[in-house]
Amino acid sequence: MAFDGRLLGGIGVLAAVVETGNFVRAAEMLGLTQSGVSRAVARLEARVGVRLFDRTPRAVTLTDEGRRFHAQVAPLLAGLEEAASEATSAATVVRGRLRVNVDPWFARLVLAPRLSRFLLAHPALSVELMVRDTLGDLVTEGFDAAVRFGEPEPSGLVVRKLLETRILTCAAPAYLARHGRPQHPLELSRHECLLFRDPVTGRPFAWEFHRDDQVVEVRVTGRLVLNDLATKLTACAAGHGITQTFELGLDTLLSSGELVQILPEWAEERFPLYAYHPSRHLLSAKVRAFLDFVLASITGPALSR
């Protein structure tokens with residue numbers, strides 16, 4: 001038998017009549033007329049093929065078939081009410097499992113040091129943090145949200161720009177002591193540079209330097225090519241060469257002196273960070289809480305909206 005949505009409505013009327021004891025009070029409970037309740041019960045009886053109520057001028061009682069039918073459908077109605085209540089609470093209560101897809105740099109240098117604060121604020125929530133280089137298929141893979149660097153490709157996802165971070169050129173003091181400090185971007189062609197392989201193209205990212213309306217592209221070389229920005233940053237701090245990297249997440253290394261920014265007057269290039277989630281409507285409380293947490297984590301003097 002194909003499911004008929006009217007059947008569910010009739011079952012709800014049946015339950016109201018059983019609960020109140022007659023058609024008049026059931027109509028008041030449901031906001032219907034008495035004749036509307038009577039017609040709904042008649043349609044339900046015709047649909048299931050049995051008489052569900054014995055009707056007299058003084059009382060309405062379940063038939064034997066009606067009692068059996070009501071006993072079978074009552075738990076189903078309770079389950080529907082529970083499911084609806086649970087779905088409603090999901091929109092207001094931060095709980096359950098949150099599965100997010102996060103860029104490696106953002107996960108390691110920005111998110112991970114602050115995650116305990118988020119978990120302490122929401123004790124009924126568990127987080128599954130998937131760190132990887134690409135967005136993939138957010139819906140098919142069951143992600144609630146994602147945070148990624150770079151311009152988004154066309155998709156059915158809701159995309160929200162969080163910030164633009166500057167691209168800085170940095171080196172360790174030990175490297176600069178051995179090889180000197182470049183005064184112009186073109187001088188970098190004579191230095192050992194740490195290269196980052198683009199996970200999309202498979203080629204190292206080109207180095208650009210922006211100042212006012214000028215853009216200078218420098219063909220840099222280096223013996224070390226990496227596919228992980230955090231590892232590249234560690235290698236740079238160890239004195240292996242010069243690197244270009246996001247300003248976001250770099251404040252500790254710069255303030256401690258482990259890294260030194262070079263060519264600061266050529267640091268106007270910016271790179272965007274975006275948040276993604278599957279649906280624009282009825283965003284769950286856990287996703288809203290996570291996006292609020294991300295925004296709170298990235299506010300600071302090193303960032304530009």
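**Close-up views of a predicted model**

View 1. Leu32 sits in the loop that joins helix 2 (23-30) to helix 3 (34-48), where helices (H or I, at least four residues) and strands (E, at least two) are DSSP runs numbered from the N terminus. The model is a predicted one, in which local features need pLDDT of at least 70 and side-chain atom pairs count only at pLDDT 80 or more, while totals for chains, interfaces and linings use all residues. Residues are numbered from 1 along each chain as its sequence is written, and side-chain values use heavy atoms, with hydrogens and water left out. Leu32 counts as partly exposed because its relative accessibility is 42%; buried means under 20% relative accessible area, exposed over 50%, and partly exposed in between (1.4 Å probe, protein chains only).

**View 2. Strand 3 and its two partners.** Strand 3 (residues 96-102) is largely enclosed by the rest of the structure, because 5 of its 7 residues are buried. Strand 3 pairs with strand 4 (residues 125-131) in the parallel sense over 7 bridges, two strands being paired if DSSP finds at least two bridges between them. Within strand 4, Val127 is the bridge partner of Leu98. Strand 3 also pairs in the parallel sense with strand 5 (residues 145-149), over 3 bridges, and there Ala146 is the bridge partner of Asn101.

**View 3. Helix 5 and its capping residue.** Since 6 of the 8 residues of helix 5 are buried, this helix is largely enclosed by the rest of the structure. The buried residues include Pro104, Trp105 and Phe106, as well as Ala107, Val110 and Leu111. At the N-terminal end, helix 5 is capped by Asp103, which has a side-chain oxygen 2.9 Å from the backbone nitrogen of Trp105.

**View 4. Helix 8 and what covers it.** In helix 8 (residues 229-237), the buried residues are Leu229, Ala230, Lys232, Leu233, Ala235 and Cys236. Among the elements that cover these buried residues are helix 5 (104-111), strand 6 (158-171) and helix 9 (251-256). At the start of helix 8, the backbone nitrogen of Ala230 has a side-chain oxygen of Asp228 within 3.4 Å, and after the helix comes Gly239, with a positive phi near 90°.

**View 5. His210 and its contacts.** His210 belongs to strand 8 (residues 207-211). Apart from neighbours within four places in sequence, His210 is in contact (heavy atoms within 4.5 Å) with Val215, Glu265, Trp266, Ala267, Glu268 and Glu269.

How values were computed
Polar contact = N/O pair within 3.5 Å; in protein donor to acceptor, adjacent residues only side chain to side chain.
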